[in-house]
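Reader: I am new to this structure. Please walk me through the terms as they come up.

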Amino acid sequence: MPIKWEKSKYGEKAKRFLSKSPEEFPLLTLLDGAVRSGKTLNIIQKIPQIFDWIGNENLKVFSGYSKSTVRNNVLIELKPFIENYLGGNVKYNGATGEMEICLWGKTYPCLVVGGGDSDSVASIQGGTWDFWYANELPQHHYSFYNMALSRLTPAYARAFADSNPESSNHWLYQEKIKPYLDGDKKVREVFEYWHFTMYDNKNLSDVFIQNQEKLYQGAFKARKIDGLWIVADGLVYDTFNPSKHLLSTQQTYEKIRKNEICEFFLGIDWGWNHPTACLLLGIDRAGTYYVLDELYSPKIEADRVILWIEEKQKEYERYFSFANCDNARPEQNEKLRQRTNLVIYEEKPKVEDSISLVRGLINYDNLMVSEICKRTLSEFETYRYPSETERQRAGYLNGDNIDLPLKVNDDCMDALRYALYKHLTTFKK
Ligand SMILES: Nc1ncnc2c1ncn2[C@@H]1O[C@H](COP(=O)(O)OP(=O)(O)O)[C@@H](O)[C@H]1O
Ligand SMILES: [Mg+2]
């Protein structure tokens, strides 16, 4: 449903951004911050005025991770805004990415392109642009970003970008945001930075914000709600990002029902006082892994786990192929072997090796977690390396065990490592 612009509400920051005249902006303006803080819609609202000021001599480019993300995030609101509120017209050819915007007596030739992979730069070589809108700029390939900037040659050319926060190791943070915040004069001549939090979007309901506050804590709260670029300090999986890697319960069921998940398998970390964690994973044909379901409880034995596996095979109407289990409880594993139809492995991978495999999956967005796996999700937020003080207290010497996370809140993380390590090293060579 397109926005009803006549009902829009504006906070101070949005007002300040919207009332700035086009010539006052530098070459590149970034609106960053929390998801749903109004970044994209603020830029969309500014576009007609910017176009009118720039004129229609050169090409205007809209980019995103892919053409379809631009369509879903930007065009879906831009087109009804221009057509229903400003009396203009937008013609878009989804196959070629060519777009023509007619507004206030001028026709603007535009192009929509995806900038998310390394070969996308080839699609924008040559030509002069006088406007560029990068939707979710950190998702663009670095080479695309550089090429795009080099195309903006006219003195009046303007670029606008929006972005959600990523790790502070990201190139956008290192090259532009951080120097800007540090007051670097050279960067400030060409770059302007607007930071938005969820509280800056007056169109969101209080209930929505309160729910978001309940959903996220720690580093994730800082990123999602306050929109900060932080490396979750010391977090083992610091690039795990719920806005990218979380799957709703419904999406999870859909994937299973549509047969998109082609193999199901488990990882089990046995405990007694420490809880036992049993994770159900799946992989699709493209090689993306999914954490589909979890069993997490203290003081449960093999019987309870076997029952859960049987229930889940019935619920999802699928057989599970194997489980890789913690080798500390051989008698439990033997029960599983005798009483389920799964192949039972007891291969405990080295912590450092399996963590780096899991990190690799996350960094390439090849690991998704269903929102029903509440405990797993909370461990992603807390599973961390010890601080220097904690290391000294534990009696570690300088470089000793530097790659070992704290052994707390790690039950699901261990089960996850067991399952993925086994699948990656045995079945995906
Ligand atoms: N000017 C506006 N008028 C009405 N609703 C708005 C406006 N700006 C933002 N919103 C609401 O806030 C939501 C998030 O805005 P959006 O610009 O997509 O956020 P972001 O790009 O920061 O994730 C929109 O889907 C819309 O419901
Ligand atoms: Mg947006």
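Author: The domain assignment of the protein chain gives domain 1 (5–200) and domain 2 (242–427). This is a predicted model, where local features need pLDDT of at least 70, side-chain atom pairs count only at pLDDT 80 or more, and totals for chains, interfaces and linings use all residues. Residues are numbered from 1 along each chain as its sequence is written, while chains are lettered from A and ligands numbered from 1 in the order in which they are written.

Reader: What makes strand E3 and strand E8 edge strands?

Author: Two strands pair if DSSP finds at least two bridges between them. Strands (E, at least two residues) and helices (H or I, at least four) are DSSP runs, numbered from the N terminus. Eight strands form an open sheet in the order E3-E4-E5-E2-E6-E7-E1-E8, with mixed pairing. E3 (89–92) and E8 (191–196) each pair on one side only. The twist averages 20 degrees from one strand to the next.

Reader: How do you know that strand E2 pairs with strand E5?

Author: Five bridges join E2 (residues 59–64) to E5 (residues 106–114), and pairing asks for at least two. E2 and E5 run parallel. Lys60 has Cys110 in E5 as its bridge partner.

Reader: What stands at the edges of the sheet with seven strands?

Author: That open sheet has the order E9-E15-E12-E11-E10-E13-E14, and its pairing is mixed. Strand E9 (246–247) and strand E14 (343–345) each have a single partner strand, so one side of each is left without a neighbour in the sheet. Three bridges join strand E13 (residues 322–325) to E14, and the two run parallel. Asn324 has Tyr345 in E14 as its bridge partner.

Reader: Why are helix H14 and helix H16 called roughly perpendicular?

Author: Their axes cross at roughly 100 degrees and come within 8 Å. Axes are lines fitted to C-alpha atoms, for helices over the stretch in contact, and angles run from 0 to 180 degrees between N-to-C directions. Angles under 35 degrees count as roughly parallel, over 145 as roughly antiparallel, 65 to 115 as roughly perpendicular and the rest as oblique. H14 (residues 374–382) and H16 (residues 411–427) are therefore roughly perpendicular.

Reader: Which residues of H14 and H16 make the contact?

Author: Arg375, Thr376 and Glu379 of H14 meet Cys412, Met413 and Leu416 of H16. Contact means C-beta atoms, placed from the backbone, within 7 Å.

Reader: Which residues come nearest to ligand 1?

Author: Of the 14 residues around ligand 1, these are Ser8, Lys39, Thr40, Leu41 and Asn203. A residue is near if its C-beta atom, placed from the backbone, lies within 6 Å. Helix H2 (residues 39–54) gives the most to the shell, with three residues.

How values were computed. Contact = placed C-beta atoms within 7 Å. Domains from an automatic or database assignment.
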